[in-house]
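Let's walk through this structure together and ask what stands behind each label. Have the coordinates open as you read.

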Amino acid sequence: MKKLSDQIDRFCLTHPNFGIPRLMMFIVIGNIAVWLVSAMDTTGTFRYMLTFNAEMIFRHGQIWRLVTFVFVPESSGVLLIFWLYLYYSIGNTLEDAWGTGKFTIYYLSGMVLTMIYGTAVWLIGGYSPHLTVHYVNLSMFFAYATLFPDTYFLLFFFFPVKVKWLAIIDAAVFALDILFGSFPENLLPLVALLNYFVFCGEWIGDLIGRGRVQRQKNVVDFQKEARRIQREMKDKPYNRKCEVCGRTDTDYPDLEFRYCSRCAGYHCYCVDHINNHVHHQE
């Protein structure tokens, strides 16, 4: 998983223009549009034509279903607005932390894994399961809780709760759906988790607060840490040094270093932190 994650980071570094900026905005707008049109369609035909159906895709050429199933909402009314607002906020935060390219790959790979699973079920069992990106969206919450475990959410708009505890509740929902859901839809949470393991596998333990707190402090206060490392290494010449972890091309000659295009000025980071640092502002 770590090697695949590193490959994704390198791809994003070498293709800085890859990705769909503010992808979650398009997802949210699409869900709202489908919800409004579906409310006027009493026959349910419009909604059905957008869902994922492997037989209709591969035997009848309805290839638009490969994309439109993302816009089919699982709820309606106030509950839908709440979930869409949550996904929009989390998605944008992850995009700001990872970069547009990496977040786009995260979401699209979740879609692709879901479609592969649905197609495999159809090929093996002759049955096309009901597929949505519900669990892909929930896996974004896992990623958010991994990166920002001590962020507070207002539960019911009044009670502050740390995200890492809500992530544990999210994990319990996944477990219940797997254990008590109907086959083969009950395995969709596992498919979504594959995506999470690739992107956040090295920080799985951080969901319950182990290790990530100190790492997050280093990210937030990296200027102070950089000055400390500079004093310790003033006698060691180098050309590049990561401003987060302090590693240099002298001590780690095989490590890749890049300059962040989103930071004001010239700031160097290693491949592990180019997409995981606080950006300098003018």
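Q: What makes the largest nonpolar core a core, and which residues have the most contacts inside it?
A: A nonpolar core is a set of buried Ala, Val, Leu, Ile, Met, Phe, Trp, Tyr and Cys residues joined through side-chain atoms within 4.5 Å. Buried means under 20% relative accessible area, exposed over 50%, and partly exposed in between (1.4 Å probe, protein chains only). The largest such set here has 51 residues, and I90, L94, W98, Y107, M140, F153 and F199 have the most contacts inside it.

A word on the source: this is a predicted model, where local features need pLDDT of at least 70 and side-chain atom pairs count only at pLDDT 80 or more, while totals for chains, interfaces and linings use all residues. Residues are numbered from 1 along each chain as its sequence is written, and side-chain values use heavy atoms, with hydrogens and water left out.

Q: Which element gives the most to this core?
A: That is α8, with 10 residues. Helices (H or I, at least four residues) and strands (E, at least two) are DSSP runs, numbered from the N terminus.

Q: What makes α8 mostly covered?
A: Of its 14 residues, 13 are buried.

Q: Why is S38 called buried?
A: Its relative accessible area is 17%, so S38 counts as buried. S38 sits in helix α2.

Q: Which residues does S38 touch, leaving out those up to four places away in sequence?
A: S38 touches F46 and R47, where contact means heavy atoms within 4.5 Å.

Q: Why is M25 called partly exposed?
A: M25 has 32% relative accessibility, so it counts as partly exposed. M25 also lies in helix α2.

Q: What makes I20, M25, F26, I29 and Y88 a nonpolar patch?
A: Nonpolar side chains (Val, Leu, Ile, Met, Phe, Trp, Tyr) are joined within 5 Å, and like charges within 9 Å. These five, I20, M25, F26, I29 and Y88, form such a patch on the surface, with about 420 Å² of accessible area together. Accessible areas come from the Shrake-Rupley method with a 1.4 Å probe; for residues, only the protein chains shown count as cover.

Technical notes:
Patch = residues over 30% accessible without salt bridge, like charges linked within 9 Å, V, L, I, M, F, W, Y side chains within 5 Å. Salt bridge = Lys/Arg side-chain N within 4 Å of Asp/Glu carboxyl O.
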